[in-house]
Amino acid sequence: MSVLPLVFTSGWASGINAYAVVLLLGLFGMTGVSDDVPRTLQRPEVLIVAGVLFLCEAVADKIPYVDSVWDTAHTVVRPLAGAWVGALLAGQSGSMTDVAAGLLGGSTALASHGVKAGTRMAVNTSPEPFSNFVLSTAEDLGVAGIVSFAMFHPEAAAVIAAVLLAAGLVVLWFLVSRIRRFLRRRAQRREERRLASRASGPPG
C-alpha cells in the first residue's frame, strides 16, 4: 500500500503541531501499534526532545500574542519537520521516493501552518485567553485524533485532513482583512514604543 496518505496526513498535522506528530508516531512505533513507523522516530532521545518541545508548545500556544510569536518562529520548523517525517515514512515503506514524500509533507505542513498562524492572528485581534485556550486544545486533540486514526485508516484520515485544510484556507481568506488590521495595530504599537523610548532617553 502506498505511503502517500500517511505522508499527507502527517504533513498536515506537522503544520499544526510538529512535535506532537513526531511524539505520537514514535510512541506508536515503539509500542508496536504500527510497523510503518521508521526506527529514527522511535529513538528515546528523539521522543524525549519531542516531548519537551511539545509541552513548551502546549503552553505557548494558549497565551495571546505569545502564540503568534511562536508560530512565526516555527514558520521554517514545521514545514521542515513535515518534510523530514514524510521522507522517513517513504524510506520505511519503499513505495514512494524520499524526495517526493519530503516535498509533499513539507508543502502540506507549510499550508496548514499558514492556516494556523493566520487564524491565531485573527483571534488575537481581540486578545483574551479563553479563545486561545479552546482553539489550541481543539488543534491538539485534532492532531492526536487524526494521526492516531491514520495508523489504522490512512486513506480516510488523508481525506479528513484534506477537507480540514481546504476549510481552513477558506476561513483564512475571509479573515485576511481582520489580520491586516491586527498587523497595522501591532506596527503602530511598536512605533509608539520606539518614540516613547526615544523621548525618555537622556538629552543629546
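Predicted model: local features only at pLDDT ≥ 70, side-chain atom pairs only at ≥ 80, totals over all residues.
Local features need pLDDT of at least 70 and side-chain atom pairs count only at pLDDT 80 or more, while totals for chains, interfaces and linings use all residues. Residues are numbered from 1 along each chain as its sequence is written, and side-chain values use heavy atoms, with hydrogens and water left out.

Helix α7 covers residues 129-152; helices are DSSP runs (H or I, at least four residues) numbered from the N terminus. Its 24 residues should span 34 Å at 1.5 Å a residue, the expected span being 1.5 Å times one less than the number of residues. The end C-alpha atoms are 35 Å apart, which agrees. Among the buried residues of α7 are Asn132, Ser136, Glu139, Val143 and Val147, where buried means under 20% relative accessible area with a 1.4 Å probe, protein chains only. The cover over the buried residues of α7 includes α1 (4-30), α4 (66-73), α6 (98-123) and α8 (154-199).

His74 lies in the loop between α4 and α5 (77-93). His74 has a relative accessible area of 6% and is therefore buried. Leaving aside residues up to four places away in sequence, His74 touches Tyr19, Glu57, Pro79 and His113, contact meaning heavy atoms within 4.5 Å.

The axes of α1 and α8 come within 8 Å and cross at roughly 40°. Axes are lines fitted to C-alpha atoms over the stretch in contact, with angles from 0 to 180 degrees between N-to-C directions. The two helices α1 and α8 are therefore oblique, since angles under 35 degrees count as roughly parallel, over 145 as roughly antiparallel, 65 to 115 as roughly perpendicular and the rest as oblique. Residues in this contact include Phe8 and Trp12 of α1 and Ala161 and Leu165 of α8.

Terms used: Buried < 20%, exposed > 50% of the residue type's maximum accessible area, 1.4 Å probe, protein only.
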